[in-house]
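Visitor: I would like to learn how to read this model feature by feature. Please give the general idea each time, then the case at hand.

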Amino acid sequence: MPARPLADVQTLSLFGPEAPRAFGPGAVLLRGFATPTSDALMDAVEAVAAAAPPRRMSTPGGKPMSAAITCCGAVGWVTDRKGYRYTDRDPSSGRPWPPMPASFADVASRAAAHAGYVDFTPDACLVNHYAPGARMTLHRDEDEEDLDQPIVSISLGLPATFLFGGPTRRDRAVRLLLTHGDVVVWGGPSRLFYHGVLPVPEGRHPRLGPLRVNLTFRKAR
Ligand code: SIN
Ligand code: FE2
């Protein structure tokens, strides 16, 4: 009797989430972790964007960022001539940021726990909108008061290449192709590591069209 063929990786992924994969100290890729709830996440992205439209903020040096950013949660991240900071109101409207949707907080804290960070309770979520060609240059997420808590990042829509380096800008970066539903979590020894996103290639996502959306969750205060 012929031996039963071993299932390949592609087949295995049909039967449930892949095992977490470490790509740096304290940094974990959860391939497809958000796929089961991605419809609810995209509904919530649309609701947040309707209440607080994504906008191209300027760096403190005056350069417009290529991604359009909005936020939800108790506080939101902003950048302008005055610098990078968290605010409790949307400067475009003067209103509080939209509340964090329950579907966002739920998947973020489950993903953190799956990556080994228990009791993650984010108070801020940046919702980055990338049209094809938009990118995020290497930077560190360092404006949060609570650096003991990780960053949880969920990718939706078009794929993009995520760069994850080290403690200095010059450190060699690993490249991860992130697709719809992928989640990355970093914290502990890599909480302040440099990271970024290469220009998003042209494409069309069945629901989001020519767009990549990235949600990053933080405990800012
Ligand atoms: C960020 O680091 O702010 C965004 C990361 C991403 O878009 O994947
Ligand atoms: Fe970041």
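Guide: Two strands pair if DSSP finds at least two bridges between them. Strands (E, at least two residues) and helices (H or I, at least four) are DSSP runs, numbered from the N terminus. In this structure, strand 6 and strand 13 pair in the antiparallel sense over seven bridges. This is a predicted model, in which local features need pLDDT of at least 70 and side-chain atom pairs count only at pLDDT 80 or more, while totals for chains, interfaces and linings use all residues. Residues are numbered from 1 along each chain as its sequence is written, chains are lettered from A and ligands numbered from 1 in the order in which they are written, and side-chain values use heavy atoms, with hydrogens and water left out.

Visitor: Which residue stands opposite Asn214 in strand 13?

Guide: Asn128 does. Strand 13 also pairs with strand 8, in the antiparallel sense and over six bridges; there Leu156 stands opposite Val213. Strand 8 in turn pairs with strand 11 (residues 183–186) over four bridges, again antiparallel, and Ser153 faces Val184 of strand 11.

Visitor: In what order do the seven strands form the open sheet?

Guide: The order is 1-2-11-8-13-6-3, with antiparallel pairing. Strand 1 (21–24) and strand 3 (68–73) stand at the edges with a single partner strand each, so one side of each has no neighbour in the sheet. From one strand to the next the twist averages 20 degrees. For angles of this kind, axes are lines fitted to C-alpha atoms, for helices over the stretch in contact, and the angles run from 0 to 180 degrees between N-to-C directions.

Visitor: Which strands does helix 2 lie across?

Guide: Contact means heavy atoms within 4.5 Å. Helix 2 (residues 38–51) lies across strand 3, strand 6 (124–130), strand 8 and strand 13 (212–218), and runs at about 95 degrees to strand 8. Helix 3 (residues 102–114) packs on the sheet too, touching strand 2 (27–30), strand 3, strand 6, strand 8, strand 11 and strand 13. The direction of helix 3 makes about 120 degrees with that of strand 8.

Visitor: How many residues of strand 13 are buried?

Guide: Buried means under 20% relative accessible area, exposed over 50%, and partly exposed in between, with a 1.4 Å probe and protein chains only. In strand 13, seven of seven residues are buried. Arg212, Asn214, Thr216 and Arg218 point one way, and Val213, Leu215 and Phe217 the other way.

Visitor: Is Ala22 buried or exposed?

Guide: Ala22, in strand 1, is exposed, with a relative accessible area of 60%. Not counting residues up to four places away in sequence, Ala22 touches Ala27 and Val28. Asp119 also counts as exposed, at 68%. Asp119 sits in the loop between helix 3 and strand 6, and has a positive phi of about 60 degrees although it is not a glycine.

Visitor: Which residues coordinate the iron ion (ligand 2)?

Guide: Donors are N, O and S atoms within 2.8 Å of the metal (3.2 Å for Na, K and Ca); water is not among the atoms, so sites may look incomplete. Here the residues are His139 (NE2), Asp141 (OD) and His195 (NE2), at 2.1 to 2.2 Å. Along the chain the donors follow the spacing H-x1-D-x53-H. Asp141, in the loop between strand 7 (136–139) and strand 8 (151–157), and His195, in strand 12 (residues 195–197), are 54 residues apart. Both Asp141 and His195 are buried.

Visitor: How many aromatic pairs does a search of the whole structure find?

Guide: A pair of aromatic rings is described by the distance of the centres and the angle of the planes. Rings of Phe, Tyr and Trp (its six-membered ring) pair if their centres lie within 6.5 Å; planes under 30 degrees apart count as stacked, over 60 as edge-to-face and the rest as tilted. The search finds seven pairs. Phe23 and Phe164 have ring centres 5.0 Å apart and planes at 85 degrees, so that pair is edge-to-face. Phe23 in strand 1 and Phe164 in strand 9 (residues 160–164) are 141 residues apart, and both are buried. For Phe162 and Trp186 the centres are 5.7 Å apart and the planes at 35 degrees, so the pair is tilted. Phe23, Phe162, Phe164, Trp186 and Phe193 form one aromatic cluster.
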